[in-house]
Amino acid sequence: MLGIAAAVLFFIAFLINAAAISTNDAFSSTNVTLLGLMALALHVAGIGSGRLSRRR
């Protein structure tokens, strides 16, 4: 689930950068990319998968 969110954030950052949309500092292309990287790191770490992975 977080992998999909990361992909969407990367796409939004690409659109902001490619279309040269002027946004405020909170929604700049760099900040949206960093949010996408954070979501991708959490996805790779296994957080937010929605499944329990307990072993006996």
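The accessible surface of the chain comes to about 4700 Å², and 65% of that surface belongs to carbon and sulfur atoms. Such areas come from the Shrake-Rupley method with a 1.4 Å probe, and for residues only the protein chains shown count as cover. Please note that this is a predicted model, in which local features need pLDDT of at least 70, side-chain atom pairs count only at pLDDT 80 or more, and totals for chains, interfaces and linings use all residues. Residues are numbered from 1 along each chain as its sequence is written, and side-chain values use heavy atoms, leaving out hydrogens and water.

Of the 56 residues in the chain, 12% are buried, that is, under 20% relative accessible area, where exposed means over 50% and partly exposed lies in between. The chain has 2 helices and 0 strands; these are DSSP runs, helices being H or I with at least four residues and strands E with at least two, numbered from the N terminus.

Let us take helix α1, residues 2-18, which holds Ile12. Ile12 is partly exposed, because its relative accessible area is 36%.

Helix α2 spans residues 29-45 and includes Ser29. What does Ser29 contact, leaving aside its neighbours within four places in sequence? The residues are Ala13, Ile16 and Asn17, where contact means heavy atoms within 4.5 Å.

Leu37 also belongs to helix α2.

Methods: Buried < 20%, exposed > 50% of the residue type's maximum accessible area, 1.4 Å probe, protein only.
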